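Take a look at the model below.

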Amino acid sequence: MSDVTANPTLVMGPVLYNWPVDTWADFLARVADEVDVDRVHVGEVVCSKREPFYADRLPEVIERLQRGGKSVVVDTLALVTVKRERQIVADLVGLEGVEIEINDLTPLATLEPGRRFAVSPLVNVYNEGTLGWLASRGAWSVCLPPELPLASVQALAREGARLGVETQVFAFGRLPLAISGRCYHARIHGLAKDSCRYVCAEDPDGLEVDTLDGEAFLSINGVQTMSQDCATVIDEVDALLAAGVTSFRLSPQTGDMGVVAAAFRDRLAGRIDGVEAAARLTAAGLKVPLGPSMMSRAWVPANAPGGA
Amino acid sequence: MNVAAALTRPELVCPAGTPAALRTAVEAGADAVYCGFRDETNARNFPGLNFSAQELGDSIRFAHDHGSKVLVAINTFPRAGGETLWHEAVAKAEGAGADAVILADLGLVAHAAVKHPKLRLHLSVQAAASNPDVIRFWAESFGIKRVVLPRVLSVPEIAAINAEIPCETEVFVFGGLCVMAEGRCSLSSHCTGKSPNMNGVCSPPSHVLYKEEGDDLVAKLGGFTIDRTPKGVAAPYPTLCKGRFTAGDYAGHVFEDPVSLDAAQLIPPLIDAGVTAFKIEGRQRSRAYTQAVVAAFRKAVDDHMAGRPIASDMTKRLAEGQTTTAGAYKKTWR
């Protein structure tokens, strides 16, 4: 069980993009040695076609991270349909001595009762009933869906504290907004998912989708749709800590994730203020624009004064 | 067609946004009708739609008198701190005599399984249960009797699922088409602050604006331009995943064309794939639409069961000029 009174935990989420395997391994080696996070997630979440590239290198990467003093969690696939995908999930669940994070409920079919697991933001945890059921099944950490308003985060963090479950928020990165059976990268290249030629590898931060007026809108990452902004909760840190959030997830983007992690670490410890933290994020060499979290945004109906 | 399948009559599950539409659907030949309460507990939470507890009770009596079932959709994800509303909805549905409730949220399913052990539980498409392992998990943990399959599966995949699970499956055959795994999409939330999971709405009319710009009519959602059409051309409703955008060198429908689902011709292979029930989308549609679509699919199913071919033009005109697709049922869609 996590100690909810301790300092907040800083977590490096799984790489959600199709990075060349050497780039990916180098990134994680650097995280192991130089980046100040407590926990690191590995494993393919988005597309089962990418999974074989990483599978062979996973043991060495995990070992390297553990030598660097990080605890390691292996993520399962987000969308599991065909036999091969079910096998990938079952194989991960069957590994001894590996912490897993579930990205849908499929692993619960084979996970032994009593075995603990983490829950990703792609699993729908919206209320105390769901959180309580998952905790009773072995969940020890839950990263909440990014669309939850602060009031829900508060209520769930309170329940998490009561149950001894770590309450985590998606604190940095392009937001994972949707998952599909269809590959949009393949589609816009005139290909189908089954013959995709891995065109998603051309876009290490995903590919920007803009409106016909040229306004920044969304981004695509294979079968996943994401925000275009690299959303950060850096401005909500105090409110989230007050709400009882105990863990913050940084989702890897191209740029210096070490700078990002240090900015969050210092901000969470109160060593720097929000202005300084934001300035440091801006200087992290990111290739994508920073933006607000969903919980901090105000939407105005089209028919209201000042609306769209 | 195999003999066993020929003997199994599939259930036609039809939408009802209002008590009047429910009567219409029953009279047009629906084996079952699905509907929801007039609040945020159901995923078609639109103004002027849905049922009070009293209306539901009356409607269920009407349906039962005519040999039809009523399934009550309570398929949004309960709000933290506000779960009572959803718990009460399940109790009200059982009290009104519902034949089943259609649920999506893990916590709500667990609650219903314990507190309402006699109530038949269906798993909503919003739960996105997309493989035999996870369906077995739902069936074995909570006694789920039927799973509405997400619209990301091909017909052979559906057959493979049915060969391995201890419960029934229901699939969509007509109407609106989600391109994302249902219940796992917060695009609407991102653009408008209102989401299917939390509020029971997607691309809500309250955030839609049509605006003339030069020779164009611009359809906006939450301030974002979703589509642009020359004045005089019918502008599509700005459902955000059906809009036109740019990505790299591509300009057009990045996610999905403005098409709707029509799987009438796939009724035979879907029956062979072991599907128990066929679902028609559209609780927000008019009574006239409900009548026409239900009658057409009643005839399609009856024709097939009687060994007659399903007329190819039967459902085309119902799409109201929209292009139709068989969606993910055909693997090339991906």
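Begin with a residue pair in chain B. B:Ala219 sits opposite B:Asp227, a residue of strand 11 of chain B. Keep in mind that the model is predicted.

Now widen the view to the strands. Strand 10 of chain B covers residues 216-221. It is joined to strand 11 of chain B by 6 bridges, and the two run antiparallel. Strands of a sheet pair through backbone hydrogen bonds, in a parallel or an antiparallel manner.

Next, the sheet itself. In chain B, 3 strands make up an open sheet, ordered 9-10-11, with antiparallel pairing. Its edges are strand 9 (208-213) and strand 11 (224-230) of chain B, each of which pairs on one side only. From one strand to the next, the twist averages 25°.

Pairing also crosses between the chains. Strand 7 of chain A and strand 8 of chain B (residues 180-185) run antiparallel, joined by 2 bridges. Here A:Ser180 has B:Met180 as its bridge partner in strand 8 of chain B.

How many residues of chain A are in contact with chain B? The count is 55 residues of chain A, against 58 residues of chain B. On the side of chain A that touches chain B, two or more residues come from each of several elements. Among them are helix 5 (128-137), helix 6 (150-163) and helix 7 (184-188) of chain A. Strand 7 (166-180), strand 8 (207-211), strand 9 (216-221) and strand 10 (224-232) of chain A also contribute. By class, this side of chain A has 29 nonpolar, 15 polar and 11 charged residues.

Methods
Residues are numbered from 1 along each chain as its sequence is written. Chains are lettered from A and ligands numbered from 1 in the order in which they are written. This is a predicted model: local features need pLDDT of at least 70, side-chain atom pairs count only at pLDDT 80 or more; totals for chains, interfaces and linings use all residues. Two strands pair if DSSP finds at least two bridges between them. Helices (H or I, at least four residues) and strands (E, at least two) are DSSP runs, numbered from the N terminus. Axes are lines fitted to C-alpha atoms, for helices over the stretch in contact, and angles run from 0 to 180 degrees between N-to-C directions. Two residues are in contact if their C-beta atoms, placed from the backbone, lie within 7 Å. Ala, Val, Leu, Ile, Met, Phe, Trp, Tyr, Cys and Pro count as nonpolar, Asp, Glu, Lys and Arg as charged, and the others, Gly among them, as polar.
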